[in-house]
Amino acid sequence: MFKEYDVIVVGAGHAGCEAAAAAANMGSSVLLITMNMETIAQMSCNPAMGGVAKGQIVREIDAMGGYSGIISDKTTLQFRMLNLSKGPAMWSPRAQNDRKRFAEEWRLALERTPNVDFWQDMVSSLIIKDNQVKGVKTSIGVEIRAKSVVLTNGTFLNGLIHIGEKKFGGGRTGEKAATGLTEQLTSIGFEAGRMKTGTPPRVDGRSLNYSLMEEQWGDENPGRFSYTNVDRPTEQRCCWITYTNSNVHETLKEGFEKSPMFTGRIKGLGPRYCPSIEDKINRFAERERHQIFVEPEGWNTCEIYVNGFSTSLPEDVQYRALIQIPGFENAKMFRPGYAIEYDFFPPTQLTLTLETKLIQNLYFAGQINGTTGYEEAASQGFIAGINAHLKINDQHELIMKRSESYIGVLIDDLVTKGTEEPYRMFTSRAEHRLLLRQDNADIRLSPIGHALGLISDERLEIVKKKVTDSDDIVAYTRKQSIEMSEANEMLESLNSSALTQNVKLFGVLSRPQVGIEDLRKVSTAFNDYLNQYDQVTVEQAEIKIKYESYFLKEQEIVNKMQKMEDKDINPDFDYSQLVSLSKEAREKLLKIKPRTLGQASRISGVSPSDISVLMVHISK
């Protein structure tokens, strides 16, 4: 019934979908196995993509040929560029999405992708021989052979849902948990743990009083995630903001004695940066209110996502607290919020390709590695799918560098440092974030996608043109001057000092108060020159001009650090023989088995003196 596949992907969430698409588009035969064909790419929690650092990840996936950006753009309800008041390293695209259409577009994209087959079933165990994965076994007794397997099980591994004192097995509300895999993997020698996440109640938007809330509209000229020619939104839906209050907090506290989080029934650690509402009012008791984002679930539904009100309290407590929020006085609840516990495998058991160290050709991606968020999962799935294809075809595997992508930061953090709580990406995690901006992901990563066969020649040429055109604009500003009479009135209006002589455009644009659009308004010649370029290219040139010196300094740091990153370490290196290393360093190095000296230097417990010892022995 089944041929032997090149790659089997287990799970069809964001990680699984990107893994399947990537491997298939590179030429592998792929079988995507999911327990429910109707929930492929389901947005299990909030109906949104992107945000701080997460938006950069979506752009990076798109720049290399993944689908997440395109799917998000096709299903956008509202688009906002966050943090525009800060520097460009902090600018982060975020989109509110139509939940149903998002899943539909992902399924259509996969069905249109040659080499992708589907099978609805639960994978209960792996077929393993001589420490190498050979396929999977399903709950109905089917054995399917494959050269490699990517596990992207999300929250389904022994998933346990909590609502107050009630608990029941499930990977998502209305869907059963996945069993068998954890038990098999731990029997082999894998270490497993438990994590927890949660979701808020959903309510009937027709029952809300929006006049008591703050409107939150998208950008006037909305952007998009993808660097392809996906249409920009021509219409957007409004979101709203409201707040909890002391009455809400007191009502929620009434349910604490039945809270699975406070009574100890939940053993797994929850996300630090996305806590439940009961955790917020307990940890931040001094705060009188907490922000609630009221987000529509789609174009053609009245269902509302109550962002900021994640909870596992009893449903009656949830409801009584909800109706005390301004605008929610007459709210009708569609379904209560809940917490879910699930198994994960500490990611220090993986290599930087996301292949497991114990079993060859077996890859983990997504929440199975202890991450949280669609974007983090999608990027891991994308890299795992690529590396599964490369490995079975005896090609050099792909390892993303910290200095070239947020994806590289994410994977290096997981594999090198591990995580004891759900990992979420932030711009602060990237030491070279000034170079890893959302506006230049195509410049940074499209050449890699092209080399892998995921980006077409035509698309790469567009990226090259963006680079040359923006460089031409920068060069123009270095050569052309602006007269005092043209600039001074404008500079005065921007509280910038007046010119005492004619200066080059570059010098005026280097001032933090002056934007390229300001100069276009006062210089007809400059405006006429820029009219030959699109807005994206002009913005890229402006960023290069304003931050040139900072970029150069940051690149110098990267170049110095690269010397350590380029020093490879034999994976079979016996650290136990190096008595000059501290005991902790030997233990950690033997466990992680770093690929490079740079990776070794980031392992917790490995000191600079330990690195010095390693450098001596590597040189020998």
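Author: Strand 10 (residues 160-163) and strand 11 (residues 166-169) pair in the antiparallel sense over four bridges; two strands pair if DSSP finds at least two bridges between them. Helices (H or I, at least four residues) and strands (E, at least two) are DSSP runs, numbered from the N terminus. Ile 161 has Phe 168 of strand 11 as its bridge partner. Two residues sit between the strands of this hairpin, and Gly 164 takes a positive phi near 60° there.

A word on the ground rules: this is a predicted model, where local features need pLDDT of at least 70 and side-chain atom pairs count only at pLDDT 80 or more, while totals for chains, interfaces and linings use all residues. Residues are numbered from 1 along each chain as its sequence is written, and side-chain values use heavy atoms, with hydrogens and water left out.

Now zoom out. The protein chain has 22 helices and 22 strands. Its radius of gyration (taken over C-alpha atoms) is 26 Å, close to the 25 Å from the globule rule for 620 residues, so the chain is as compact as a globular protein of that length. That rule is 2.2 Å times the number of residues to the power 0.38. Along the principal axes, the C-alpha atoms of the protein chain fill a box of roughly 80 × 75 × 50 Å.
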